[in-house]
Amino acid sequence: MSKIKIITDSSCDLNKDIIEKYNIGIVGLNVSFGEETYVDGEIDNDTFYERMANEKQLPKTSCPSPEKFANSYDCEEEVLVITITSKLSATYSTALLAKTMYLEENPNKTIEVIDSENGSIGHGLLVVKAAQLAEQGKSLNEIIEELEKLKNDIVFFGSLETLENAIKGGRINPLAGKLINALNFKVIIQITEGIVKPVDKARGDNNSIKKVVQSVSSRVSEKSNRVLAIGHSNCIEKALKVKEMMIKENHFDDVTISEIGSVMGTYTSKGAILISIL
């Protein structure tokens with residue numbers, strides 16, 4: 001058993017089997033429809049996307065309370081927390097506050113918190129890498145050092161049906177987003193340095209998928225042990241098509257497909273495809 005407990009927040013969009021395999025601790029973010037608040041994962045994705053489409057107002061997301069993080073630190077192992085990028089959420093700051101709170105009563109506990117500088121499946125790839133390093137017997141400092149290097153290696157692009165939700169949620173530049181929406185384009189985004197940026201556009205699903213696959217593939221290095229993660233917002237057929245296209249031109253040691261949960265899905269909207277490589 002690893003001497004280090006890996007903890008993250010639910011925006012990482014990891015599959016349950018991966019979470020169970022590495023015994024990863026998940027602290028849920030919140031999603032609210034008006035006065036109704038759910039912890040991410042309490043509402044199934046089909047229901048969430050259907051309800052979001054029918055609501056007049058965009059759901060609101062919020063980070064977990066410090067107490068939730070502090071409760072997750074209550075284990076025998078050393079703790080490493082990896083959060084969604086601090087440029088999109090206050091979750092990183094909350095995890096740090098929880099660390100301070102916990103250490104006041106448990107001064108001998110070892111807790112480290114790092115900012116993934118990423119989101120969704122890109123964030124998830126970093127979490128899995130941390131869990132694998134812990135299983136290999138790496139020390140906490142060795143894992144942190146390795147993750148800080150790997151942050152710059154993550155390639156992350158996506159195709160969105162619309163930028164409307166990202167604009168309303170303040171996650172993307174309103175002027176650029178509204179212009180692209182007005183022209184009825186699908187949007188190609190890139191997450192880099194913790195920020196979501198529109199980088200290209202395309203008409204129709206086929207063209208947008210081709211462009212995002214090309215954007216990722218052109219940045220695939222020749223190094224070994226590469227892992228491919230594909231995320232989808234309630235559109236598994238698109239995800240399977242992307243997988244077929246990616247593995248046709250590239251070799252990966254592992255490929256995972258996961259659903260984009262309600263937190264990230266609030267901003268990507270239904271029909272989004274995300275591709276990330278580490």
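**Reading the strands, sheets and cores**

Guide: Strand β13 is mostly covered, since five of its five residues are buried. Buried denotes under 20% relative accessible area, exposed over 50%, and partly exposed in between, with a 1.4 Å probe and protein chains only. Helices (H or I, at least four residues) and strands (E, at least two) are DSSP runs, numbered from the N terminus.

Visitor: What kind of model is this, and how are residues numbered?

Guide: This is a predicted model, in which local features need pLDDT of at least 70 and side-chain atom pairs count only at pLDDT 80 or more, while totals for chains, interfaces and linings use all residues. Residues are numbered from 1 along each chain as its sequence is written, and side-chain values use heavy atoms, with hydrogens and water left out.

Visitor: Which residues of β13 point one way, and which the other way?

Guide: I273, I275 and I277 point one way from β13, L274 and S276 point the other way, and all are buried.

Visitor: In which sense do β11 and β12 pair?

Guide: Strand β11 (residues 227–232) pairs with β12 in the parallel sense over six bridges. One example is G231, whose bridge partner in β12 is S258. Contact here means heavy atoms within 4.5 Å.

Visitor: What is the order of strands in the sheet with parallel pairing?

Guide: The order is β2-β1-β6-β7, in an open sheet of four strands. The edge strands are β2 (25–27) and β7 (111–115), each with a single partner strand, so one side of each is left without a neighbour in the sheet. Neighbouring strands are turned by 25° against each other on average, direction ignored. Strand β1 (residues 4–9) and strand β6 (residues 78–83) run parallel and are joined by five bridges; I4 has E78 as its bridge partner in β6. On this sheet, α5 packs by touching β1 and β6, and its direction makes about 170° with that of β1. Helix α6 (residues 140–150) packs there as well, touching β1, β6 and β7, with its direction at about 15° to that of β6.

Visitor: How do the axes of α5 and α6 cross?

Guide: They come within 10 Å and cross at roughly 150°. That makes α5 roughly antiparallel to α6; angles under 35 degrees count as roughly parallel, over 145 as roughly antiparallel, 65 to 115 as roughly perpendicular and the rest as oblique. L126, K129, A130, L133 and A134 in α5 meet I143, E146, L147 and L150 in α6.

Visitor: What is a nonpolar core, and which residues touch the most other members of the largest one?

Guide: In soluble globular proteins, nonpolar side chains tend to be buried together. A nonpolar core is a set of buried Ala, Val, Leu, Ile, Met, Phe, Trp, Tyr and Cys residues joined through side-chain atoms within 4.5 Å. The largest has 49 residues, of which I6, L14, L80, I82, I143 and L147 touch the most other members. Helix α5 (residues 120–135) gives the most to this core, with nine residues. A second, separate core of 18 residues includes I188, V212, V216 and I277.

Visitor: Is E50 buried or exposed?

Guide: E50, found in helix α2 (residues 45–54), is exposed, with a relative accessible area of 54%.

Note on methods:
Two strands pair if DSSP finds at least two bridges between them. Axes are lines fitted to C-alpha atoms, for helices over the stretch in contact, and angles run from 0 to 180 degrees between N-to-C directions.
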